[in-house]
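Subject: Structure handover

Hello,

Here is the structure we talked about handing over. Please open it first and read the notes below alongside it.

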Amino acid sequence: MTVLSRRTVTRTVERSARLWEASPLTYITLIFAIVLSAFPLYWMLVIASRTNQDVGSIPPPLVLGQHLFENIGRVFGNQNAHFAKALVNSAIASSVVAISVVFFSSLAGFAFAKLRFRGRNALLLIIVATMMVPVQMGIIPLYMLMVKIHWTGQLQAVIVPFLVTGFGVFMMRQYAEQAIPDELIEAARVDGASTFRIFWSVVFPALRPAAAVLALFQFMQTWNEFMWNFAVLTPDNPTVQYALAQLNGTYYADYSMVFSGTAIATVPLLVVFIVFGRQIIGGIMEGAIKA
Amino acid sequence: MTLDLQTAARPKPAPARPPRGAWRNRLDAKASPYLYISPFYLLFLAFGLFPLGYTFWVSLHHWDILGNNHYTGLRNYQLLLTDPDFWNAVTNTVAMFVIATVPQLLGAMFLANALNRKLRAQTLFRMGVLAPMVTSVAAVGIVFSQLFGRDYGLINWLLHFAGVHNIDWQAHQWSQWTAISTMVDWRWTGYNTLIFLAGMQAIPRDLYEAAAIDGASRRVQFWRITVPSLRPTIIFTSIVSTIGGLQLFTEPLMFNQNLMQGGSLRQGQTVAMYMYESAFQRFQYGYGSAVAWMLFLLIIIIALINYLITRRLAGGRI
Amino acid sequence: MRDPLRRATTIAVAASLVGVLALAGACASDSKKTSTAASTITLSVDDFGSFGYDALYKQYEAAHPNIKIVERNIATLSTYTPQLQQHIAAGAGAGDIVAIEEGIAVKFMAQPDKFVDLNQYGGAALQNNFLPWKWTQGHSADGSKLIGLGTDVGGLAMCYRKDLFAKAGLPTDRAAVGALWPTWDAYLKIGQQFKSKVPGNGFVDGATNLYNTILMQTAGQGQNYTYFDKSNNLVVDTNPAIKTAFDETVKMSQAGLSSKLQSFTDAWATGFKKGQFATIACPAWMLGLIQTDAGDAAAGKWDVASLPGGGGSWGGSFLAVPTQSQHPKEAAALAEFLSNPQGQIAAFKAKNNLPSSPEALSDPAVTGFQNTYFSNAPVGQIYASGATSLKPVYLGSLNQEVRTVVENDLLAIDTGQLTPAAGWTKAIADAKRAAATG
């Protein structure tokens, strides 16, 4: 009896271990997926490193060429493209928005998760509801507003409207809820700390993992913003996506230069991604479970 | 989304009790919460709610670029309902949404299932599938337009081995749908894969073990256990894809060389592009605003349909 | 786990601090710009296509050390126009100088309060710099304000690839080539002959260049208007010039002569590089584009012959100064410099934009100019000879809008998406809608 049942148990354990093993087919599938993911990025570099004469050849070029830096130089050297300015503008807009979103979202998330006040649930519901509203809906009056206050063509027009988002508040609330024990806040209060002091020295440090992920997300999102920027900015003071569109529309005859532009616009994001990839993945997956 | 509201309504343990003492402390405890949440509401009021409401107000007017306007009631909406270009944009948007979303979510689920194994170099694989998401959106449009080139594109070159010759991807509606959906899928499948992966990891493993003992194959396990357990995740991803997918703008614009019409017969024009064209190229602010509201409506309707379908497919209540 | 996160936060905080500081810096420098305007003035010039001003900018900046010139170029008119319109209406965002193409001139000249009256800056004295009709077109509707200074006019010719002609057994000498096609029907026949010998290449680049060329030529020889008559009534379905141009273009396309490329796209540019097509109707301003798009590898392969069916003009522009400019005086001076006879000659040398100045048109630097890229074609003589006798074609205020929709339907016919009959019906319907809602 005992012998038999022990054997069954061993078999079950073996089988369950095997259950989660990756077969060679799994690896092949995943490697194929990664190749598909990476190929357009690689090919972007191929064209960016070639001459224009290579761009239209058959079979299409598949190997890196030697003109990458020369082409990049032409992108930055092109007075009409304003590419350097676009990079600086995007870096400013993306960092300011990221920091501001993190700060205000943490503050509001903390209030929603840990402070008690009248109308809290209703107010939180409103925030969740705003997440459903597409931004594009409002760009016509928003543009009219910008004209009124003379912000068209100015960088702040693509920063100020996005300084805090419903998504950010909601995310920070979810995190604060489970990451900060109430006793911690209570203890600080007994010590006589003001609410802001509690936030700044107790809550915010504890929120840091979520804050970092939110900051990175927001940075990428602002970096990729296009439609509103296209409507409100001007060609001589663009952000990166705008400058790319401009490059694509104007230098259609010079695709090795246009592709160098796409590479320059993508590399900062890729660097952020490679450095913080683990955190970004963690953030997406954690967020997925909570939502 | 429903889940969120439930957590929100859950009664809080241990309320932060205001310490006794000076009026300052009491004020701090009473006012601080409102002060902390106010930035969001103020900004949303100014740059979210006001534009939203004002969009509706403008949509009830004939409103031109110089601000001249007069009230026309629902006339813009009437015109819109009989405007073939609007319906063309709706068809394109919905078609691209469906063509993009269905394979994207299926592919993501499939990949997530593969990633949900014991793997070497796990992080590398995860980052690999996610990498397209961090590409600049305009760059995606530009790179894929070249890949889909008629005479010298890589994809047509590959297809010619299969005996298919020089498809003019910009010329036809179906080909624009395919090309643009490909871009969207390339960019977002990895993201959804990770979301599904997270959902899969939350499924108790003994469910699979029990099924394995009963002799269920991996495929049966996938359809009988994984998919039903992912129901909330599926609903979440399809709603997120709906909101994003129906606002498609940059990719089709880049694919059509910055032409807001999205092709000679508007083969690739989305509703968002039509709104932009109406408002910022033909300067009919009233009409453009009506398009914006119809887009909003469309998003709500599709999200609802989506919700109903996924609920039915996943076989049960949520 | 903790460490990289902390690093992430620190980096993010640092980055945003830098960002905020830079933003503050940018704002500060902005205010500085206006307060110390006297030291350096940046003038921005909005234009499209290729105006050929690079050398002139350098020359002007050298002569005026306090002026810096930034050109903001957009390739296609159909993208350029709405942006300009938006910026003009918004009262912000437009350049200090904006280029206004003839097809959109009526629209903008009808908004005289949005532009500086150049008479305030001595514009009246410039009359002799321009062909009389060009001078008139640069004024507001009532003729009281001088809004735009003419840059170029669009003399017409036919560019062709000598190597492809040789391959097809056709003559390559420009006089002989011109003699091949006295009419558009003759041109079609040559095309068919070409196609039978060189089936792999197109004879024409695509539908729209050909169409616009024939339209402007036919209109110029007839009633002198296109989609709108001179009272601004839409006449798309009754003006024979439109039907003629449309049908001729469709005939070329149906005969399989078109490479089905859309103008001003990367595929079109690649078509030039690869020599995909043998001819292209080329207004003077297009020579510069061909050279840029086809690149050095095609130098000496192109040549210029006369246009089937006689001469004509398509295109040509004006320079105007919007009232929103912070530096109207300096901008007016620059516009004057760019559009004076010497400026026009320089632009002609750079990009072959045909001068609208009688003095420049008869200048030996123009008449004697040979373009090495185009096999030393005497382009000065080819284009300038008929220019003084050109008659202006009236283009209504919604010309650009109507033109775009008609072009789109032609493109759809060219790529086989519409039958010619359906395309014509649709073009008229679309034109009516564009004219009603534009």
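Predicted model: local features only at pLDDT ≥ 70, side-chain atom pairs only at ≥ 80, totals over all residues.

Chain C

Chain C contains 19 helices and eleven strands. Its C-alpha trace extends over about 70 × 70 × 45 Å along the principal axes. The radius of gyration of chain C is 24 Å, and this agrees with the value near 22 Å that a compact globule of 438 residues would have.

On the domain 1 side 23 residues are in contact, and on the domain 2 side 29 residues. The size of an interface is often given as the accessible area lost when the parts come together. For domain 1 and domain 2 of chain C, the buried area is about 2,100 Å², with 61% of it on carbon and sulfur atoms.

How many salt bridges are counted between domain 1 and domain 2 of chain C? The count is one. Side chains of opposite charge can pair when their charged atoms come close. In chain C, the side chains of Lys107(C) and Glu401(C) form a salt bridge, with 2.6 Å from N to O. Polar contacts across the interface of domain 1 and domain 2 of chain C come to three residue pairs, both residues being at pLDDT 80 or more.

Several elements of chain C supply at least two residues each to the side of domain 1 that touches domain 2: helix H3 (77–90), helix H4 (102–109), helix H5 (132–137), strand E5 (152–153) and helix H14 (341–351). The largest share of that side, five residues, is from H4(C). By type, the residues on that side of domain 1 of chain C are nine nonpolar, ten polar and four charged.

Chains A and B

The contact between chain B and chain A involves 108 residues of chain B and 117 residues of chain A. Chain B and chain A bury about 10,200 Å² between them, and carbon and sulfur atoms give 74% of this area.

On the side of chain B that touches chain A, helix H2 (residues 23–59) of chain B provides the largest share, 18 residues. That side of chain B consists of 76 nonpolar, 18 polar and 14 charged residues.

Chain A is also assigned two domains, domain 1 (2–68) and domain 2 (79–250). Their C-alpha centres in chain A lie 35 Å apart.

Salt bridges overall

Over all chains, the salt bridge count comes to 23. One salt bridge in chain A joins the side chains of Arg173(A) and Glu177(A), at 3.0 Å from N to O. Arg173(A) and Glu177(A) are separated by about one helical turn, because they are four residues apart in helix H8 (residues 166–179) of chain A.

Regards

Key: Residues numbered from 1 in each chain as written. Chains lettered and ligands numbered in written order. Heavy atoms only, no water. Contact = heavy atoms within 4.5 Å. Buried area = accessible area lost by both parts, 1.4 Å probe. Salt bridge = Lys/Arg side-chain N within 4 Å of Asp/Glu carboxyl O. Polar contact = N/O pair within 3.5 Å; in protein donor to acceptor, adjacent residues only side chain to side chain. Nonpolar A, V, L, I, M, F, W, Y, C, P; charged D, E, K, R; others polar. Rg over C-alpha atoms; globule rule 2.2 N^0.38 Å. Domains from an automatic or database assignment.
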